[in-house]
Amino acid sequence: MNDLDTLRTMRADVPPPSHDVLADARSRLLDRTGARSRWHPPRLRAGWQTAAAATIVVVLGVGAIVSTYERAGGPDDRVHASPSPTDTAQSVLARAAQTVARAPSASPATQGQYSYIKMVYRVIQPNVGANEDDMIAEFWFRIGGNVGALGRLHFEYETGDVLDMVRSNGQTVITQNGQVVTERTLDLPKWFRDDPDPSAGWLPDDEVATAPTNAADMLDFVRGQFPFPGVEFDTLVGLLTQPILTSQQRAAAYEALAQLPDLSLLPDAVDATGRHGVGIVHDGPQRTTLILDADSYQLLGYERLMNFDAPEEMSDAPELQRGSGTAFAILDLGVTDRVDERP
Amino acid sequence: MDTVAGLSDAAEIELSLRHPERFAVIFDRYAGQIHRYAARRLGPAAADDLVADVFLIAFRHRSRYDIGQANARPWLYGIATNLINRHRRSEVRMYRALARTGVDPVMELDADAVASAVSAAAAGRQLAAALAELSAGDRHVLLLLAWADLRYEDIATALDIPIGTVRSRLHRARTAVRAALDNTNPLDPDQESHR
(Lines give C-alpha, C1' and ligand atoms only; values in the text may rest on other atoms or scores of the structure.)
Protein backbone atom coordinates (compact mmCIF):
# COMPACT_ATOMS: atom_id res chain seq x y z
CA MET A 1 0.00 0.00 0.00
CA ASN A 2 1.61 3.26 -1.04
CA ASP A 3 1.22 6.63 0.63
CA LEU A 4 -1.82 7.62 -1.44
CA ASP A 5 -3.59 4.35 -0.74
CA THR A 6 -2.94 4.82 2.96
CA LEU A 7 -4.22 8.37 2.77
CA ARG A 8 -7.36 7.18 0.98
CA THR A 9 -8.24 4.97 3.95
CA MET A 10 -8.03 7.90 6.36
CA ARG A 11 -11.50 9.04 7.41
CA ALA A 12 -13.00 6.81 4.74
CA ASP A 13 -15.80 5.93 7.17
CA VAL A 14 -16.89 9.49 7.75
CA PRO A 15 -20.67 9.48 8.36
CA PRO A 16 -22.74 10.32 5.28
CA PRO A 17 -24.99 13.38 5.40
CA SER A 18 -28.44 12.79 6.79
CA HIS A 19 -31.43 13.15 4.58
CA ASP A 20 -32.47 16.20 6.57
CA VAL A 21 -29.15 17.94 6.02
CA LEU A 22 -29.27 17.54 2.26
CA ALA A 23 -32.96 18.40 2.16
CA ASP A 24 -32.30 21.60 4.06
CA ALA A 25 -29.39 22.58 1.81
CA ARG A 26 -31.46 21.84 -1.28
CA SER A 27 -34.33 23.87 0.10
CA ARG A 28 -32.02 26.85 0.69
CA LEU A 29 -30.84 26.58 -2.88
CA LEU A 30 -34.35 26.44 -4.27
CA ASP A 31 -35.32 29.45 -2.22
CA ARG A 32 -32.42 31.38 -3.68
CA THR A 33 -33.25 30.31 -7.23
CA GLY A 34 -36.68 31.80 -6.84
CA ALA A 35 -38.31 28.48 -7.60
CA ARG A 36 -40.46 28.91 -4.52
CA SER A 37 -41.28 32.56 -4.72
CA ARG A 38 -39.86 35.10 -7.08
CA TRP A 39 -39.79 38.37 -5.25
CA HIS A 40 -40.96 41.64 -6.67
CA PRO A 41 -40.94 45.02 -5.03
CA PRO A 42 -44.28 45.27 -3.28
CA ARG A 43 -47.04 46.98 -5.20
CA LEU A 44 -49.07 49.48 -3.27
CA ARG A 45 -51.40 50.55 -6.02
CA ALA A 46 -52.28 49.67 -9.57
CA GLY A 47 -50.13 51.41 -12.09
CA TRP A 48 -46.95 51.33 -10.11
CA GLN A 49 -44.32 50.46 -12.68
CA THR A 50 -42.72 47.44 -11.14
CA ALA A 51 -43.40 45.11 -14.01
CA ALA A 52 -41.31 42.01 -14.23
CA ALA A 53 -38.72 42.93 -11.69
CA ALA A 54 -36.13 40.21 -11.38
CA THR A 55 -35.47 38.21 -8.29
CA ILE A 56 -33.24 40.47 -6.34
CA VAL A 57 -30.18 39.23 -4.64
CA VAL A 58 -28.58 42.25 -3.15
CA VAL A 59 -24.98 42.40 -4.16
CA LEU A 60 -23.67 44.82 -1.73
CA GLY A 61 -21.13 44.97 0.74
CA VAL A 62 -20.17 48.34 1.42
CA GLY A 63 -17.53 49.63 3.57
CA ALA A 64 -16.26 52.25 5.84
CA ILE A 65 -13.99 53.94 3.37
CA VAL A 66 -13.71 57.21 5.18
CA SER A 67 -15.90 59.04 7.58
CA THR A 68 -16.53 61.86 5.14
CA TYR A 69 -18.58 59.70 2.86
CA GLU A 70 -20.81 61.91 0.83
CA ARG A 71 -24.50 61.91 1.57
CA ALA A 72 -26.15 61.82 -1.79
CA GLY A 73 -29.56 63.15 -2.36
CA GLY A 74 -29.83 63.49 -6.09
CA PRO A 75 -27.91 64.46 -9.15
CA ASP A 76 -24.61 65.98 -8.23
CA ASP A 77 -23.80 69.22 -10.03
CA ARG A 78 -20.44 69.93 -8.43
CA VAL A 79 -17.53 70.64 -10.74
CA HIS A 80 -15.32 67.58 -10.77
CA ALA A 81 -11.83 66.79 -11.83
CA SER A 82 -12.01 64.96 -15.11
CA PRO A 83 -9.61 62.41 -16.52
CA SER A 84 -7.25 63.86 -19.07
CA PRO A 85 -7.53 62.77 -22.71
CA THR A 86 -4.45 60.65 -22.28
CA ASP A 87 -5.77 58.86 -19.25
CA THR A 88 -6.52 55.17 -19.36
CA ALA A 89 -8.30 52.90 -16.93
CA GLN A 90 -4.89 51.84 -15.68
CA SER A 91 -3.61 55.37 -15.13
CA VAL A 92 -6.78 56.38 -13.30
CA LEU A 93 -6.58 53.31 -11.09
CA ALA A 94 -2.93 54.06 -10.35
CA ARG A 95 -3.89 57.58 -9.30
CA ALA A 96 -6.77 56.20 -7.26
CA ALA A 97 -4.38 53.86 -5.46
CA GLN A 98 -2.00 56.70 -4.66
CA THR A 99 -4.84 58.87 -3.43
CA VAL A 100 -6.53 56.35 -1.17
CA ALA A 101 -3.18 55.14 0.19
CA ARG A 102 -2.62 58.63 1.55
CA ALA A 103 -6.04 58.75 3.18
CA PRO A 104 -6.18 57.80 6.84
CA SER A 105 -7.71 54.43 7.56
CA ALA A 106 -10.82 54.46 9.65
CA SER A 107 -10.25 53.45 13.24
CA PRO A 108 -10.29 49.68 13.49
CA ALA A 109 -13.75 48.45 14.31
CA THR A 110 -13.99 46.34 17.42
CA GLN A 111 -16.07 43.30 18.13
CA GLY A 112 -19.56 44.26 19.05
CA GLN A 113 -19.66 47.33 16.85
CA TYR A 114 -21.63 47.44 13.64
CA SER A 115 -20.73 48.37 10.13
CA TYR A 116 -23.46 50.51 8.64
CA ILE A 117 -24.38 50.58 4.97
CA LYS A 118 -26.96 52.60 3.15
CA MET A 119 -27.39 52.19 -0.56
CA VAL A 120 -29.74 52.56 -3.45
CA TYR A 121 -30.36 49.40 -5.38
CA ARG A 122 -31.83 49.54 -8.86
CA VAL A 123 -33.12 46.92 -11.25
CA ILE A 124 -32.36 47.88 -14.85
CA GLN A 125 -34.50 46.30 -17.52
CA PRO A 126 -34.72 48.75 -20.42
CA ASN A 127 -37.05 46.58 -22.47
CA VAL A 128 -39.73 46.73 -19.80
CA GLY A 129 -38.99 50.19 -18.47
CA ALA A 130 -38.28 48.98 -14.97
CA ASN A 131 -35.69 51.55 -14.05
CA GLU A 132 -38.00 52.98 -11.44
CA ASP A 133 -37.56 50.02 -9.15
CA ASP A 134 -35.22 51.80 -6.81
CA MET A 135 -34.96 50.52 -3.30
CA ILE A 136 -33.11 52.08 -0.44
CA ALA A 137 -31.52 49.48 1.78
CA GLU A 138 -29.80 49.94 5.10
CA PHE A 139 -27.90 47.26 6.95
CA TRP A 140 -26.07 46.99 10.21
CA PHE A 141 -23.62 44.08 10.41
CA ARG A 142 -22.20 43.07 13.72
CA ILE A 143 -18.41 43.03 13.65
CA GLY A 144 -17.25 39.50 14.40
CA GLY A 145 -20.25 37.78 12.87
CA ASN A 146 -23.69 38.21 11.46
CA VAL A 147 -25.43 37.62 14.75
CA GLY A 148 -27.47 40.64 15.59
CA ALA A 149 -27.50 41.96 12.05
CA LEU A 150 -30.32 44.29 11.22
CA GLY A 151 -31.65 45.06 7.81
CA ARG A 152 -34.05 47.68 6.60
CA LEU A 153 -35.60 47.99 3.18
CA HIS A 154 -37.22 51.27 2.38
CA PHE A 155 -39.43 52.18 -0.55
CA GLU A 156 -40.67 55.63 -1.42
CA TYR A 157 -43.32 55.43 -4.07
CA GLU A 158 -44.30 58.00 -6.63
CA THR A 159 -47.58 58.33 -4.79
CA GLY A 160 -45.80 59.50 -1.66
CA ASP A 161 -46.41 56.21 0.12
CA VAL A 162 -43.55 54.96 2.24
CA LEU A 163 -43.00 51.30 2.99
CA ASP A 164 -40.46 50.11 5.54
CA MET A 165 -39.42 46.56 6.28
CA VAL A 166 -37.15 45.98 9.26
CA ARG A 167 -35.65 42.60 10.01
CA SER A 168 -33.89 41.94 13.30
CA ASN A 169 -33.39 38.91 15.54
CA GLY A 170 -35.67 36.78 13.42
CA GLN A 171 -38.53 39.25 13.52
CA THR A 172 -39.85 41.41 10.71
CA VAL A 173 -41.76 44.60 11.30
CA ILE A 174 -43.39 46.28 8.33
CA THR A 175 -44.86 49.73 8.34
CA GLN A 176 -46.72 51.52 5.62
CA ASN A 177 -46.81 55.28 6.10
CA GLY A 178 -45.90 54.73 9.74
CA GLN A 179 -48.65 52.20 10.41
CA VAL A 180 -47.71 48.61 11.18
CA VAL A 181 -49.04 46.25 8.56
CA THR A 182 -49.04 42.49 8.46
CA GLU A 183 -46.28 40.59 6.71
CA ARG A 184 -48.80 38.26 5.15
CA THR A 185 -49.85 40.86 2.65
CA LEU A 186 -46.32 41.23 1.30
CA ASP A 187 -43.98 38.73 -0.20
CA LEU A 188 -40.66 39.34 1.51
CA PRO A 189 -37.51 38.24 -0.27
CA LYS A 190 -36.06 35.08 1.23
CA TRP A 191 -32.60 36.58 1.66
CA PHE A 192 -34.15 39.27 3.80
CA ARG A 193 -36.53 36.97 5.68
CA ASP A 194 -33.82 34.57 6.83
CA ASP A 195 -31.34 37.18 7.90
CA PRO A 196 -30.18 40.39 6.34
CA ASP A 197 -27.55 38.90 4.08
CA PRO A 198 -25.54 40.97 1.65
CA SER A 199 -24.61 38.20 -0.72
CA ALA A 200 -23.32 34.68 -0.96
CA GLY A 201 -19.94 36.15 -1.80
CA TRP A 202 -19.68 38.36 1.27
CA LEU A 203 -16.35 37.71 2.98
CA PRO A 204 -16.16 37.25 6.72
CA ASP A 205 -14.43 40.18 8.37
CA ASP A 206 -11.63 37.99 9.71
CA GLU A 207 -10.93 36.96 6.12
CA VAL A 208 -10.96 40.57 4.92
CA ALA A 209 -8.50 41.42 7.65
CA THR A 210 -5.97 39.12 5.98
CA ALA A 211 -6.22 40.83 2.59
CA PRO A 212 -2.73 41.81 1.40
CA THR A 213 -1.38 45.29 0.77
CA ASN A 214 0.31 44.80 -2.59
CA ALA A 215 -1.20 44.16 -5.98
CA ALA A 216 0.32 40.77 -6.77
CA ASP A 217 -0.66 39.24 -3.45
CA MET A 218 -4.05 40.90 -3.67
CA LEU A 219 -4.73 39.19 -7.00
CA ASP A 220 -3.73 35.86 -5.49
CA PHE A 221 -5.99 36.58 -2.55
CA VAL A 222 -9.08 37.28 -4.63
CA ARG A 223 -8.38 34.34 -6.93
CA GLY A 224 -8.22 32.20 -3.83
CA GLN A 225 -11.62 33.43 -2.73
CA PHE A 226 -13.40 32.33 -5.89
CA PRO A 227 -11.02 30.09 -7.75
CA PHE A 228 -12.44 30.20 -11.22
CA PRO A 229 -11.44 32.54 -14.02
CA GLY A 230 -13.04 35.84 -14.82
CA VAL A 231 -14.40 36.87 -11.45
CA GLU A 232 -11.43 38.88 -10.25
CA PHE A 233 -12.98 42.21 -11.16
CA ASP A 234 -16.23 41.58 -9.33
CA THR A 235 -14.44 40.08 -6.35
CA LEU A 236 -12.18 43.12 -6.07
CA VAL A 237 -15.17 45.43 -6.30
CA GLY A 238 -16.81 43.41 -3.55
CA LEU A 239 -13.68 43.74 -1.47
CA LEU A 240 -13.61 47.50 -2.00
CA THR A 241 -17.03 47.63 -0.41
CA GLN A 242 -16.00 45.80 2.75
CA PRO A 243 -16.19 47.86 5.91
CA ILE A 244 -12.89 47.10 7.55
CA LEU A 245 -10.55 47.41 4.58
CA THR A 246 -7.58 49.63 5.41
CA SER A 247 -6.33 52.39 3.12
CA GLN A 248 -3.35 50.25 2.13
CA GLN A 249 -5.53 47.26 1.32
CA ARG A 250 -7.84 49.51 -0.65
CA ALA A 251 -4.91 50.90 -2.64
CA ALA A 252 -3.71 47.36 -3.36
CA ALA A 253 -7.16 46.49 -4.63
CA TYR A 254 -7.08 49.40 -7.09
CA GLU A 255 -3.61 48.38 -8.24
CA ALA A 256 -4.78 44.80 -8.67
CA LEU A 257 -7.75 45.97 -10.72
CA ALA A 258 -5.36 47.82 -13.02
CA GLN A 259 -3.61 44.55 -13.84
CA LEU A 260 -6.75 42.86 -15.16
CA PRO A 261 -7.46 42.59 -18.89
CA ASP A 262 -10.46 43.99 -20.78
CA LEU A 263 -10.58 47.31 -18.95
CA SER A 264 -11.57 50.63 -20.45
CA LEU A 265 -12.19 54.12 -19.14
CA LEU A 266 -15.54 55.87 -19.04
CA PRO A 267 -14.62 59.48 -18.31
CA ASP A 268 -18.11 60.47 -17.19
CA ALA A 269 -20.04 57.72 -15.47
CA VAL A 270 -23.27 58.28 -13.56
CA ASP A 271 -24.33 56.20 -10.59
CA ALA A 272 -27.81 55.11 -9.62
CA THR A 273 -28.47 58.40 -7.82
CA GLY A 274 -27.22 60.63 -10.61
CA ARG A 275 -23.80 61.37 -9.15
CA HIS A 276 -21.06 61.79 -11.73
CA GLY A 277 -17.73 60.08 -11.44
CA VAL A 278 -15.11 58.28 -13.43
CA GLY A 279 -15.96 54.78 -14.63
CA ILE A 280 -13.70 51.76 -14.89
CA VAL A 281 -15.38 49.34 -17.24
CA HIS A 282 -14.72 45.62 -17.34
CA ASP A 283 -16.12 43.74 -20.32
CA GLY A 284 -16.94 40.07 -20.00
CA PRO A 285 -20.21 38.14 -20.18
CA GLN A 286 -21.40 41.07 -18.13
CA ARG A 287 -20.24 44.65 -18.43
CA THR A 288 -19.36 45.89 -14.98
CA THR A 289 -18.68 49.56 -14.38
CA LEU A 290 -16.98 50.64 -11.21
CA ILE A 291 -17.82 54.28 -10.53
CA LEU A 292 -15.37 56.31 -8.48
CA ASP A 293 -15.49 59.86 -7.26
CA ALA A 294 -13.20 61.79 -9.63
CA ASP A 295 -11.54 63.67 -6.76
CA SER A 296 -11.34 61.37 -3.79
CA TYR A 297 -11.61 58.06 -5.70
CA GLN A 298 -14.09 56.81 -3.17
CA LEU A 299 -16.35 54.12 -4.49
CA LEU A 300 -19.67 55.67 -5.47
CA GLY A 301 -21.24 52.51 -6.77
CA TYR A 302 -21.32 50.10 -9.61
CA GLU A 303 -23.43 48.76 -12.39
CA ARG A 304 -23.51 45.29 -13.89
CA LEU A 305 -25.30 44.73 -17.18
CA MET A 306 -25.76 41.72 -19.41
CA ASN A 307 -23.26 42.00 -22.23
CA PHE A 308 -24.42 39.35 -24.68
CA ASP A 309 -27.49 38.53 -26.68
CA ALA A 310 -29.52 35.90 -24.92
CA PRO A 311 -30.63 32.91 -27.01
CA GLU A 312 -33.96 33.20 -28.75
CA GLU A 313 -35.68 30.86 -26.32
CA MET A 314 -34.85 33.24 -23.49
CA SER A 315 -36.51 36.21 -25.14
CA ASP A 316 -39.25 36.34 -22.52
CA ALA A 317 -36.79 36.73 -19.64
CA PRO A 318 -36.20 40.48 -19.29
CA GLU A 319 -33.42 40.02 -16.76
CA LEU A 320 -31.35 38.12 -19.32
CA GLN A 321 -31.50 40.61 -22.19
CA ARG A 322 -28.52 42.69 -23.23
CA GLY A 323 -28.43 45.89 -21.19
CA SER A 324 -30.41 44.44 -18.29
CA GLY A 325 -28.85 44.23 -14.90
CA THR A 326 -28.49 45.94 -11.59
CA ALA A 327 -26.85 48.99 -10.17
CA PHE A 328 -26.19 50.27 -6.72
CA ALA A 329 -24.97 53.48 -5.26
CA ILE A 330 -23.54 53.89 -1.79
CA LEU A 331 -25.23 56.67 0.11
CA ASP A 332 -23.62 56.37 3.47
CA LEU A 333 -21.48 54.05 5.49
CA GLY A 334 -19.41 53.78 8.59
CA VAL A 335 -19.15 52.08 11.94
CA THR A 336 -21.71 52.47 14.69
CA ASP A 337 -21.93 51.27 18.26
CA ARG A 338 -25.55 50.16 18.02
CA VAL A 339 -28.02 48.93 15.47
CA ASP A 340 -30.34 51.59 14.18
CA GLU A 341 -27.66 54.22 14.84
CA ARG A 342 -26.25 56.10 11.86
CA PRO A 343 -22.73 57.43 11.49
CA MET B 1 -19.88 9.95 -19.42
CA ASP B 2 -20.16 13.29 -17.75
CA THR B 3 -23.48 12.83 -16.03
CA VAL B 4 -25.51 10.14 -14.43
CA ALA B 5 -28.30 10.66 -16.92
CA GLY B 6 -29.70 13.35 -19.12
CA LEU B 7 -27.96 16.57 -20.04
CA SER B 8 -24.36 17.38 -19.24
CA ASP B 9 -23.61 19.58 -16.27
CA ALA B 10 -22.72 22.42 -18.62
CA ALA B 11 -26.04 22.13 -20.43
CA GLU B 12 -27.93 22.06 -17.15
CA ILE B 13 -26.10 25.13 -15.90
CA GLU B 14 -26.77 26.97 -19.13
CA LEU B 15 -30.41 25.96 -18.89
CA SER B 16 -30.53 27.22 -15.33
CA LEU B 17 -29.88 30.75 -16.60
CA ARG B 18 -33.37 30.63 -18.03
CA HIS B 19 -34.89 28.25 -15.52
CA PRO B 20 -33.04 28.80 -12.24
CA GLU B 21 -34.68 25.87 -10.53
CA ARG B 22 -32.82 23.54 -12.90
CA PHE B 23 -29.74 24.20 -10.85
CA ALA B 24 -31.17 21.70 -8.37
CA VAL B 25 -30.09 19.02 -10.84
CA ILE B 26 -26.48 19.99 -10.21
CA PHE B 27 -27.14 19.85 -6.47
CA ASP B 28 -28.67 16.39 -6.75
CA ARG B 29 -25.71 15.12 -8.73
CA TYR B 30 -22.94 16.36 -6.49
CA ALA B 31 -24.13 17.43 -3.05
CA GLY B 32 -23.49 14.03 -1.51
CA GLN B 33 -19.88 13.78 -2.68
CA ILE B 34 -19.11 17.40 -1.87
CA HIS B 35 -20.46 16.81 1.62
CA ARG B 36 -18.37 13.67 2.04
CA TYR B 37 -15.22 15.49 0.97
CA ALA B 38 -15.91 18.43 3.27
CA ALA B 39 -16.73 16.08 6.14
CA ARG B 40 -13.41 14.29 5.74
CA ARG B 41 -11.61 17.60 5.94
CA LEU B 42 -13.62 19.50 8.55
CA GLY B 43 -16.04 17.06 10.16
CA PRO B 44 -19.69 16.36 9.47
CA ALA B 45 -21.08 19.38 11.32
CA ALA B 46 -19.02 21.89 9.35
CA ALA B 47 -19.78 20.00 6.15
CA ASP B 48 -23.51 20.39 6.75
CA ASP B 49 -23.21 24.16 6.46
CA LEU B 50 -20.53 24.16 3.82
CA VAL B 51 -22.39 22.04 1.29
CA ALA B 52 -25.27 24.51 1.24
CA ASP B 53 -22.90 27.44 0.79
CA VAL B 54 -21.07 25.73 -2.07
CA PHE B 55 -24.23 25.45 -4.11
CA LEU B 56 -25.49 28.91 -3.24
CA ILE B 57 -22.21 30.40 -4.44
CA ALA B 58 -22.19 28.20 -7.51
CA PHE B 59 -25.72 29.27 -8.34
CA ARG B 60 -24.83 32.90 -7.97
CA HIS B 61 -21.85 32.60 -10.29
CA ARG B 62 -23.37 30.20 -12.78
CA SER B 63 -23.50 32.81 -15.54
CA ARG B 64 -19.72 32.74 -15.57
CA TYR B 65 -19.44 28.99 -15.76
CA ASP B 66 -17.26 27.86 -18.67
CA ILE B 67 -19.76 26.00 -20.80
CA GLY B 68 -16.82 24.27 -22.47
CA GLN B 69 -16.34 22.30 -19.25
CA ALA B 70 -18.96 19.59 -19.54
CA ASN B 71 -18.38 18.31 -16.03
CA ALA B 72 -18.99 20.68 -13.13
CA ARG B 73 -17.16 18.62 -10.49
CA PRO B 74 -13.90 20.57 -10.66
CA TRP B 75 -15.76 23.87 -10.44
CA LEU B 76 -17.74 22.75 -7.41
CA TYR B 77 -14.70 21.31 -5.68
CA GLY B 78 -12.93 24.59 -6.35
CA ILE B 79 -15.66 26.49 -4.54
CA ALA B 80 -15.67 23.93 -1.75
CA THR B 81 -11.91 24.25 -1.41
CA ASN B 82 -12.19 27.99 -1.13
CA LEU B 83 -14.72 27.64 1.67
CA ILE B 84 -12.69 24.93 3.38
CA ASN B 85 -9.72 27.26 3.21
CA ARG B 86 -11.56 29.66 5.49
CA HIS B 87 -11.54 26.92 8.13
CA ARG B 88 -7.91 26.03 7.63
CA ARG B 89 -6.89 26.87 11.18
CA SER B 90 -9.46 24.57 12.70
CA GLU B 91 -8.65 21.91 10.11
CA VAL B 92 -5.00 21.98 11.13
CA ARG B 93 -5.95 21.94 14.81
CA MET B 94 -7.89 18.73 14.24
CA TYR B 95 -4.97 17.08 12.43
CA ARG B 96 -2.72 18.03 15.31
CA ALA B 97 -5.19 16.68 17.84
CA LEU B 98 -5.33 13.39 15.95
CA ALA B 99 -1.54 13.23 15.71
CA ARG B 100 -1.21 13.88 19.44
CA THR B 101 -3.98 11.70 20.86
CA GLY B 102 -4.79 9.12 18.21
CA VAL B 103 -8.44 10.10 18.44
CA ASP B 104 -9.82 11.78 15.36
CA PRO B 105 -12.12 14.70 16.21
CA VAL B 106 -13.68 14.41 12.78
CA MET B 107 -14.97 10.91 13.32
CA GLU B 108 -17.99 10.61 15.55
CA LEU B 109 -16.94 7.56 17.52
CA ASP B 110 -18.79 6.07 20.41
CA ALA B 111 -16.87 5.18 23.55
CA ASP B 112 -16.45 1.49 22.69
CA ALA B 113 -15.09 2.28 19.28
CA VAL B 114 -12.49 4.69 20.54
CA ALA B 115 -10.09 2.08 21.87
CA SER B 116 -9.95 0.07 18.66
CA ALA B 117 -9.82 3.23 16.61
CA VAL B 118 -6.86 4.42 18.60
CA SER B 119 -4.96 1.17 18.12
CA ALA B 120 -5.66 1.21 14.41
CA ALA B 121 -4.73 4.81 14.06
CA ALA B 122 -0.96 4.66 14.04
CA ALA B 123 -0.77 5.43 10.35
CA GLY B 124 -3.54 7.97 10.75
CA ARG B 125 -1.56 9.82 13.40
CA GLN B 126 1.46 9.99 11.14
CA LEU B 127 -0.65 11.15 8.24
CA ALA B 128 -2.34 13.74 10.37
CA ALA B 129 0.99 15.09 11.54
CA ALA B 130 2.11 15.39 7.94
CA LEU B 131 -1.13 17.02 6.78
CA ALA B 132 -0.92 19.55 9.58
CA GLU B 133 2.50 20.65 8.41
CA LEU B 134 1.65 21.02 4.72
CA SER B 135 0.90 24.41 3.28
CA ALA B 136 -2.78 24.94 2.53
CA GLY B 137 -2.08 24.88 -1.21
CA ASP B 138 -0.20 21.59 -1.07
CA ARG B 139 -2.85 20.07 1.18
CA HIS B 140 -5.65 21.06 -1.19
CA VAL B 141 -3.94 19.38 -4.14
CA LEU B 142 -3.12 16.22 -2.22
CA LEU B 143 -6.59 15.78 -0.75
CA LEU B 144 -8.42 16.64 -3.97
CA LEU B 145 -6.48 13.76 -5.49
CA ALA B 146 -6.78 11.31 -2.61
CA TRP B 147 -10.19 12.10 -1.15
CA ALA B 148 -12.10 13.73 -4.02
CA ASP B 149 -10.58 11.48 -6.67
CA LEU B 150 -10.04 14.37 -9.08
CA ARG B 151 -7.62 14.01 -11.98
CA TYR B 152 -4.61 16.28 -12.26
CA GLU B 153 -6.25 18.45 -14.90
CA ASP B 154 -9.43 18.66 -12.83
CA ILE B 155 -7.44 19.81 -9.82
CA ALA B 156 -5.80 22.45 -11.99
CA THR B 157 -9.25 23.63 -13.07
CA ALA B 158 -10.63 23.52 -9.54
CA LEU B 159 -7.83 25.61 -8.09
CA ASP B 160 -7.24 27.69 -11.22
CA ILE B 161 -3.55 26.85 -11.29
CA PRO B 162 -1.36 25.39 -14.05
CA ILE B 163 -1.12 21.62 -14.19
CA GLY B 164 2.62 21.93 -13.63
CA THR B 165 1.87 23.56 -10.31
CA VAL B 166 -0.42 20.67 -9.45
CA ARG B 167 2.44 18.25 -10.11
CA SER B 168 4.96 20.22 -8.10
CA ARG B 169 2.62 20.69 -5.15
CA LEU B 170 1.70 17.03 -5.25
CA HIS B 171 5.31 15.98 -5.34
CA ARG B 172 6.07 18.15 -2.34
CA ALA B 173 3.05 16.93 -0.41
CA ARG B 174 3.66 13.26 -1.13
CA THR B 175 7.28 13.57 -0.19
CA ALA B 176 6.21 14.90 3.19
CA VAL B 177 3.59 12.20 3.63
CA ARG B 178 6.00 9.43 2.69
CA ALA B 179 8.55 10.79 5.09
CA ALA B 180 5.95 10.79 7.83
CA LEU B 181 4.88 7.26 7.09
CA ASP B 182 8.53 6.32 6.85
CA ASN B 183 7.79 3.41 4.56
CA THR B 184 9.40 4.57 1.37
CA ASN B 185 12.37 6.55 0.35
CA PRO B 186 11.06 10.09 -0.06
CA LEU B 187 13.40 10.60 -2.99
CA ASP B 188 11.73 7.83 -5.00
CA PRO B 189 9.74 9.09 -7.99
CA ASP B 190 5.97 9.20 -7.72
CA GLN B 191 4.44 5.78 -7.73
CA GLU B 192 1.07 7.08 -8.80
CA SER B 193 0.83 7.08 -12.56
CA HIS B 194 -0.48 10.18 -14.23
CA ARG B 195 -4.24 9.97 -14.16
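Let's begin with B:Arg172, which has a relative accessible area of 46% and is therefore partly exposed. Keep in mind as we go that this is a predicted model. The salt-bridge partner of B:Arg172 is B:Asp138, and their closest N and O atoms are 2.8 Å apart. This pair connects distant parts of the chain, with B:Arg172 in helix 10 of chain B and B:Asp138 in helix 8 of chain B, 34 residues apart. Is B:Asp138 buried or exposed? Its relative accessibility is 5%, so B:Asp138 counts as buried. Salt bridges with shared partners also make one network out of A:Asp3, B:Arg174 and B:Arg178.

How many salt bridges are there over all chains? The search of the whole structure turns up 18. Let me show you two others among them.

One is in chain B, where B:Glu91 pairs with B:Arg41, with the closest N and O atoms 2.8 Å apart.

Now back to chain B, and to helix 7, residues 122-133. At 1.5 Å a residue, the 12 residues of helix 7 of chain B should span 16 Å, and the end C-alpha atoms are 17 Å apart, which agrees. Which residues of this helix are buried? In helix 7 of chain B, they are B:Gly124, B:Leu127, B:Ala128, B:Ala130, B:Leu131 and B:Ala132. And what covers them? The cover includes helix 5 (88-101), helix 8 (136-146) and helix 10 (163-181) of chain B, together with helix 1 (3-9) of chain A.

Next, the nonpolar cores. The largest has 69 residues, and within it B:Phe55 and B:Leu76 touch the most other members. Once we set aside neighbours within four places in sequence, B:Leu76 is in contact with B:Ile26, B:Tyr30, B:Ile34, B:Val54, B:Phe55 and B:Ala58. There is also a second, separate core of 50 residues, and its members include A:Ile117, A:Phe221, A:Val222 and A:Ala256.

That takes us over to chain A. It contains 8 helices and 11 strands, and 52% of its 343 residues are buried. Among the contacts in chain A with a separation of 6 or more, 59% are between residues 24 or more positions apart. The accessible surface of chain A is about 14,500 Å², and carbon and sulfur atoms account for 50% of that.

Take a look at strand 1 of chain A, residues 114-124. Of its 11 residues, 9 are buried, so the strand is largely enclosed by the rest of the structure. Strand 1 runs antiparallel to strand 11, residues 325-336, of chain A, and 11 bridges join the two. As one example to find on the screen, A:Val120 has A:Ala329 in strand 11 of chain A as its bridge partner.

Further along chain A, strand 4 (residues 162-168) and strand 5 (residues 171-176) are antiparallel and joined by 6 bridges. There, A:Val166 stands opposite A:Val173 in strand 5 of chain A. Strand 5 of chain A also pairs with strand 6 (residues 179-181) of chain A, again antiparallel, over 3 bridges, and A:Thr175 is opposite A:Val180 in strand 6. That hairpin has 2 residues between its strands, and A:Asn177 takes a positive phi near 55°.

Last stop: helix 8 of chain A, residues 247-258. With 12 residues at 1.5 Å each, this helix should span 16 Å, and its end C-alpha atoms are 17 Å apart, which agrees. Helix 8 of chain A is mostly covered, with 10 of its 12 residues buried. Among the buried ones are A:Arg250, A:Tyr254 and A:Leu257, along with A:Ala256, which you saw in the second core.

Methods. Residues are numbered from 1 along each chain as its sequence is written. Chains are lettered from A and ligands numbered from 1 in the order in which they are written. This is a predicted model: local features need pLDDT of at least 70, side-chain atom pairs count only at pLDDT 80 or more; totals for chains, interfaces and linings use all residues. Side-chain values use heavy atoms; hydrogens and water are left out. Helices (H or I, at least four residues) and strands (E, at least two) are DSSP runs, numbered from the N terminus. The expected span of a helix is 1.5 Å times one less than its number of residues. Buried means under 20% relative accessible area, exposed over 50%, partly exposed in between (1.4 Å probe, protein chains only). Contact means heavy atoms within 4.5 Å. A nonpolar core is a set of buried Ala, Val, Leu, Ile, Met, Phe, Trp, Tyr and Cys residues joined through side-chain atoms within 4.5 Å. Accessible areas come from the Shrake-Rupley method with a 1.4 Å probe; for residues, only the protein chains shown count as cover. Two strands pair if DSSP finds at least two bridges between them. A salt bridge is a side-chain nitrogen of Lys or Arg within 4 Å of a carboxyl oxygen of Asp or Glu.
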